[in-house]
Amino acid sequence: MKKILLALAVLGLLHTGLARAGDIEDIRHGMQQQWEKPDAPLTVKPVVVVGDAALAGWLQGERGGRAVLRKQHGQWQTQLCAGALSSDLLRQAGISVSSAQQLLKKLNQAEASLSNAERQQLDSFVGVVKMDGKGHHGEHAHHGQASAQAEHTAHAAHAASAASSAHSH
């Protein structure tokens, strides 16, 4: 009986790992399908998942950023896009404090394997773009020195080639 329980426990762990790998691939594929263009390929990396929440970096041409996603009705949906992410920003996207902390820790670990140039590209996204869950951008909440020019650039980039939250991905 102990062997059966152990086997079930191992299968449960394997299933969880496979689900996580499946989620990561679903996120990558979904973002590429939505925002990749023939002349602007989209690289989605890294992707980290905790429960029904995920963070995904994206690189497209000279642009980059990070997307916050939530799994709703079995589908991963981009909630917002930003450069730098914080626990406060993740909580605004409906992610619990505990999950936000876990996601940020996993993201930092995953990004350690990226080059300095890739990390700088992920950080280069200006402001925060909230999504409607279908990949369309909603309100912009630019921070710091971002100006109307930055917002205009963001809209132009989205129209030209978006990825992961309505900006040029």
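Buried means under 20% relative accessible area, exposed over 50%, and partly exposed in between, with a 1.4 Å probe and protein chains only. By that rule, 42% of the 169 residues of the protein count as buried.

The model is predicted: local features need pLDDT of at least 70, side-chain atom pairs count only at pLDDT 80 or more, and totals for chains, interfaces and linings use all residues. Residues are numbered from 1 along each chain as its sequence is written, and side-chain values use heavy atoms, leaving out hydrogens and water.

**Exercise 1.** Work out the order of the elements in the protein.

Solution. Take helices (H or I, at least four residues) and strands (E, at least two) as DSSP runs, numbered from the N terminus. The protein then has five helices and six strands. From the N terminus on, they run α-β-β-β-β-α-α-α-β-β-α.

**Exercise 2.** Find the buried residues of helix 4 (residues 116-123) and what they pack against.

Solution. Start with the buried residues: E118, Q121 and L122. They lie on the same side of helix 4, because they cover an arc of only 100 degrees around the axis (taken from the directions from the helix axis to the C-beta atoms). Next, turn to the face away from this buried side, which carries the exposed residues N116, A117 and Q120. Finally, look for contacts (heavy atoms within 4.5 Å): the buried residues pack against strand 1 (43-50), strand 2 (53-60), strand 3 (63-72), strand 4 (75-82) and helix 3 (97-111).

**Exercise 3.** Is L89 buried or exposed, and which residues does L89 touch?

Solution. First, locate L89 in helix 2 (residues 87-92). Its relative accessibility is 10%, so L89 counts as buried. Leaving aside residues up to four places away in sequence, L89 touches L80, A82, A84 and V128. Lastly, check V128: its C-alpha atom is separated by 9.1 Å from that of L89, 39 residues apart along the chain.
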